[in-house]
Amino acid sequence: MSERTGAERGRGSAPPRFYFSLRSPYSWLAYRDLLDGYPGLADRLEWRPFFEPDERSAKALAEAGGSFSYVAMSRAKHLYILQDVRRLTRERGLRMTWPVDRDPVWEVPHLAYLAAVDEGRGREFVDRVHRARWQEGRDICDRAVIGELARELDLDAARLASAADDPGLRARGVEALLAVDRDGVFGVPFFVDRYDRFWGTDRLAAFADAVAARADPAGPRAAERTAAPLAEHVPPGGDGGHAGGCG
């Protein structure tokens with residue numbers, strides 16, 4: 001019998017995980033599908049942020065022995081995503097406004113998420129930021145916007161708006177990126193159950209089945225499901241821009 005390393009044992013005993021990004025439209029759609037179709041599963045998951053590091057975070061990540069895979073998105077792929085997301089939102093009866101990102105720093109919203117978690121409101125923050133970005137077309141890398149959303153949720157607006165300047169939150173952001181690296185996450189949405197990995201909006205049903213089967217091996221594999229399986233929508237890709245099929 002082969003021995004497993006400590007890291008491998010840790011992955012095997014860890015709870016199922018959902019890697020999400022406040023940047024990605026596919027992550028937003030998976031979030032909606034998760035809450036609408038698998039609310040019990042959503043409550044059992046570890047929610048982990050995935051974000052493209054700025055220069056400061058990338059340097060700290062490298063110093064900690066980690067790396068972040070990123071390949072710039074081609075124009076053709078970007079145009080495809082615009083079309084694909086429009087299809088997927090129509091199928092779900094959603095109306096969206098595509099935001100314009102001007103010199104984004106993704107630590108601004110994602111480290112603010114960690115601050116919201118400290119106040120026990122991480123999921124509510126994710127929901128509000130998703131709505132602001134994808135349905136209101138707002139710039140979630142604008143600190144003033146994050147502060148306004150925090151106030152709406154009765155969170156510490158000053159702390160959330162300045163999260164990217166907080167050394168402690170910066171360090172936790174690097175820890176989050178190291179977890180991304182350890183779990184081999186190359187895009188979002190990304191689901192992990194022990195050694196099984198599932199990438200994309202169209203893999204949510206399979207992930208839910210795997211978690212249900214492990215929780216109750218003698219029961220139906222899809223005991224928690226309340227929604228029909230999602231169609232195969234997402235093509236393979238290799239960039240870190242938008243994911244759920246994009247990388």
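Let's start with Asp 84, which pairs with Arg 87 in a salt bridge whose closest N and O atoms are 3.0 Å apart. Bear in mind that this is a predicted model. Both partners belong to helix α5, which covers residues 75-91. Asp 84 and Arg 87 sit three residues apart, or about one turn of the helix.

Arg 87 has a relative accessible area of 31%, so it falls in the partly exposed class.

Side chains of opposite charge can pair when their charged atoms come close. Asp 183 and Arg 197 make another salt bridge, this one with the closest N and O atoms 4.0 Å apart. Asp 183 is in the loop that runs between α10 (167-182) and β3 (190-193), while Arg 197 belongs to strand β4 (residues 196-199), so this pair ties together parts that are 14 residues apart in sequence. With a relative accessible area of 2%, Asp 183 is buried. Arg 197 comes out at 35%, which makes it partly exposed.

Then there's the salt bridge from Asp 202 to Arg 203, where the closest N and O atoms are 3.0 Å apart. Asp 202 has a relative accessibility of 9% and therefore counts as buried. Arg 203, at 31%, counts as partly exposed.

## The salt-bridge network

How many salt bridges does the count come to? The tally is 23 salt bridges. Some charged residues are joined up into a network: Arg 128, Arg 131, Glu 136, Arg 138, Glu 148 and Glu 152 are linked by salt bridges. Two of these names, Arg 128 and Glu 152, come up again where α7 meets α8.

## How α7 packs on α8

Two packed helices are described by the angle between their axes and the distance between the axes. For helix α7 (residues 122-134) and helix α8 (residues 143-152), the angle is about 130 degrees and the axes are 10 Å apart. What does that make the arrangement of α7 and α8? The two helices are oblique to each other, because an angle over 145 degrees would be needed for roughly antiparallel and 65 to 115 for roughly perpendicular. The crossing of α7 and α8 is right-handed.

Which residues meet here? On the α7 side they are Phe 125, Arg 128, Val 129 and Ala 132, and on the α8 side Ile 146, Leu 149 and Glu 152. Sorted by class, this α7–α8 contact has five nonpolar and two charged residues, with no polar ones.

Most residues other than glycine have a negative phi, and most peptide bonds are trans. So a few spots deserve a look.

Asp 103 has a positive phi, near 50 degrees, despite not being a glycine. You'll find Asp 103 in the loop between α5 and α6 (107-118). Its relative accessible area is 74%, so Asp 103 is exposed. Arg 194 also has a positive phi, near 55 degrees, and its place is the loop between β3 and β4. Arg 194 counts as partly exposed, at 33% relative accessibility.

Asp 33 is in helix α2 (residues 25-37). It is buried, with a relative accessible area of 11%. How far apart are Asp 33 and Arg 92 in sequence and in space? They are 59 residues apart in sequence and 9.0 Å apart in space, taken from C-alpha to C-alpha.

Zooming out, the protein chain has 11 helices and four strands. Of its 247 residues, 48% count as buried. Among contacts between residues at least 6 apart in sequence, 73% join residues at least 24 apart.

Technical notes:
Residues are numbered from 1 along each chain as its sequence is written. This is a predicted model: local features need pLDDT of at least 70, side-chain atom pairs count only at pLDDT 80 or more; totals for chains, interfaces and linings use all residues. Side-chain values use heavy atoms; hydrogens and water are left out. Axes are lines fitted to C-alpha atoms, for helices over the stretch in contact, and angles run from 0 to 180 degrees between N-to-C directions. Angles under 35 degrees count as roughly parallel, over 145 as roughly antiparallel, 65 to 115 as roughly perpendicular and the rest as oblique. A crossing is left-handed if the near helix is turned anticlockwise from the far one by less than a right angle, and right-handed if clockwise. Contact means heavy atoms within 4.5 Å. Ala, Val, Leu, Ile, Met, Phe, Trp, Tyr, Cys and Pro count as nonpolar, Asp, Glu, Lys and Arg as charged, and the others, Gly among them, as polar. A salt bridge is a side-chain nitrogen of Lys or Arg within 4 Å of a carboxyl oxygen of Asp or Glu. Buried means under 20% relative accessible area, exposed over 50%, partly exposed in between (1.4 Å probe, protein chains only).
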